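User: Hi! Could you walk me through some contacts in this structure?
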Amino acid sequence: MSTTALPPVVDAETWQRELDALRVREKAATRELDAIAAARRRLPMVKMPDYTLEGEEGPVRLADVFDGKSQLIVYNHMWFPGETWQCPGCTGFTSQFTRLEFLDNWDARFVIVTQGPIDEALAYKRRVGNAMTWYSTANSSFGADVGAPPGGGFAVNVFLRDGDTVYRTWHTDGRGTEHLGYSFALIDLLPYGRQEEWQDSPEGWPQSPTYSKWSESKEIAAAYGEPGA
């Protein structure tokens, strides 16, 4: 990146005053997110059928995907049959999650479910170095029923288990998943931000076509994947 655009230079007192003004808005946004989370905890839920998915060790009931936990977050990973490299957005997003054991303290688990056949899905997981647990819904209507049908987009769904009964409590897709990862949170702190054309940036700030700076799946595999996978 080459640019001559720079933020204005001011004295420390002026900088602190501008930062303090922005901090008021940041704190208000934090409180609003707290209020949204409180509303999320009060959402009703929907009882799910007794789905059977495919895991690394064979068929598994949806209730058993919880692995004994009461709460489950599912990332529905896009899948295109016959493709060597799957969706770079999904591949990049899920590559962030390498240490999920902390969820044990909250009686929760976070897994990937995809429409791809389980053998192909597990091979792709190894190829790109993904650390999450994968399941396949290729032989089940589960994906289609939670907003991620064959050939469709990605989604995040949350479930609650009561014994062998599973309930769906929350769903999002599109940009609703952004706050779940750390990459955009860090990039948005930078003076030049995401550098995408749709963003509101000062005149002269570097901007590129949307997605142009995102890593391709092949690049993620080169960085994290198993050699020869």
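User: Which residues does proline 88 touch, not counting residues up to four places away in sequence?
Analyst: Proline 88 touches Ser215, Glu216, Ser217 and Ile220, where contact means heavy atoms within 4.5 Å. This is a predicted model, where local features need pLDDT of at least 70, side-chain atom pairs count only at pLDDT 80 or more, and totals for chains, interfaces and linings use all residues. Residues are numbered from 1 along each chain as its sequence is written, and side-chain values use heavy atoms, with hydrogens and water left out.

User: Where does proline 88 lie?
Analyst: Proline 88 lies in helix H3, residues 88–94. Helices here are DSSP runs of H or I with at least four residues, strands are E runs of at least two, and both are numbered from the N terminus.

User: Is proline 88 buried or partly exposed?
Analyst: Proline 88 is partly exposed, at 32% relative accessible area. Buried means under 20%, exposed means over 50%, and partly exposed is in between, using a 1.4 Å probe and protein chains only.

User: And what separates the C-alpha atoms of proline 88 and tryptophan 214?
Analyst: They are separated by 7.8 Å, though the two residues are 126 apart along the chain.

User: Switching to rings: how many aromatic pairs are there?
Analyst: The count comes to 11 aromatic pairs. Rings of Phe, Tyr and Trp (its six-membered ring) pair if their centres lie within 6.5 Å; planes under 30 degrees apart are stacked, over 60 edge-to-face, and the rest tilted. One of the pairs is phenylalanine 184 with tryptophan 214, tilted at 55 degrees between the planes and 5.6 Å centre to centre. This pair links distant parts of the chain, 30 residues apart: phenylalanine 184 is in helix H6 (residues 183–187) and tryptophan 214 is in the loop between H6 and H7.

User: Is phenylalanine 184 buried or exposed?
Analyst: Phenylalanine 184 is buried, with a relative accessible area of 17%, while tryptophan 214 is partly exposed at 33%.

User: What lies over the face of phenylalanine 184?
Analyst: That's arginine 194, at 4.1 Å from the ring centre. A charge sits over a ring if NZ of Lys or CZ of Arg is within 6 Å of the ring centre and within 35 degrees of the ring normal. Arginine 127 lies over the face of tryptophan 85 too, at 5.9 Å from the ring centre.

User: Which residues form the aromatic cluster?
Analyst: Tyr75, Phe93, Phe97, Phe110 and Phe154 form one aromatic cluster.
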